[in-house]
Amino acid sequence: MNQVRPLYAQYLAAVPKYMYLYNKAMVDGDKLAKESLDDKMDEIKRLYYELNLYIPNNDSNKSILVDIKLLWGELSYIGDYYDYGIRRNYFAAKINRYNGTSYDTEVDKYISKLINKASMDGNEYFKNEWEKIKKGQ
């Protein structure tokens, strides 16, 4: 528990940082952000694999493992999400049908919801694990 909780917090904090860097790099063309992407993804990979090593795959750990894997899976599609959004906004502007909402903002909202859910699930998970420890289970 003492090792997993900080890893989980670092993982949840690293994902939005990666999203921010990705947006700065790919949407805004920020070269420094682009240079930082690989390092941030390496950190996320390390945390992902460490969490999977520390948390056994069983029913009592299911909720936290699902959140970890879902965030990991969604990160693998970030490039596709942004590419789609850029194309979508480009073609909407060409035909004067821009809906006022940028697609990258929608992706950010979606990932933020996943992170918030993972945070709440993690809070509940660690609380339950602590109660088990106190009872000697």
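**Reading helix packing and a buried lysine**

Tutor: Let's start with one residue in this predicted model. Setting aside neighbours within four places in sequence, Lys-40 touches Ala-14, Lys-17, Tyr-18 and Leu-21.

Student: Where is Lys-40 found?

Tutor: In helix 2, which covers residues 31-54.

Student: Is Lys-40 buried or exposed?

Tutor: Buried means under 20% relative accessible area. Lys-40 comes in at 16%, so it counts as buried.

Student: Okay, now helices. How do I describe two that pack?

Tutor: You give the angle between their axes and the distance between those axes. Here, take helix 1 (residues 4-27) and helix 3 (residues 62-75): the angle is about 20 degrees and the axes sit 11 Å apart.

Student: What does that angle make helix 1 and helix 3?

Tutor: Angles under 35 degrees count as roughly parallel, so that's the label for helix 1 and helix 3. Helix 1 passes helix 3 in a left-handed crossing.

Student: Which residues meet there?

Tutor: From helix 1, Tyr-8, Tyr-11, Leu-12, Val-15, Tyr-18 and Met-19; from helix 3, Ile-64, Asp-67, Ile-68, Leu-71, Trp-72 and Leu-75. By class, that contact has eleven nonpolar residues, no polar ones and one charged.

Student: Why does the numbering skip along like that?

Tutor: An α-helix has 3.6 residues a turn, so residues three or four places apart point the same way. As for burial, helix 3 has Ile-64, Leu-65, Asp-67, Ile-68, Leu-71, Glu-74 and Leu-75 buried.

Student: What span should helix 3 have?

Tutor: With 14 residues at 1.5 Å a residue, helix 3 should span 20 Å, and its end C-alpha atoms are 20 Å apart, which agrees.

Note on methods: Residues numbered from 1 in each chain as written. Predicted model: local features only at pLDDT ≥ 70, side-chain atom pairs only at ≥ 80, totals over all residues. Heavy atoms only, no water. Axes fitted to C-alpha atoms, helices over the stretch in contact; angles between N-to-C directions. Helix = DSSP H or I, 4+ residues; strand = E, 2+ residues; numbered from the N terminus. Parallel < 35°, antiparallel > 145°, perpendicular 65-115°, else oblique. Left-handed = near helix turned anticlockwise from the far one by under 90°. Contact = heavy atoms within 4.5 Å. Nonpolar A, V, L, I, M, F, W, Y, C, P; charged D, E, K, R; others polar. Expected span 1.5 Å × (residues − 1). Buried < 20%, exposed > 50% of the residue type's maximum accessible area, 1.4 Å probe, protein only.
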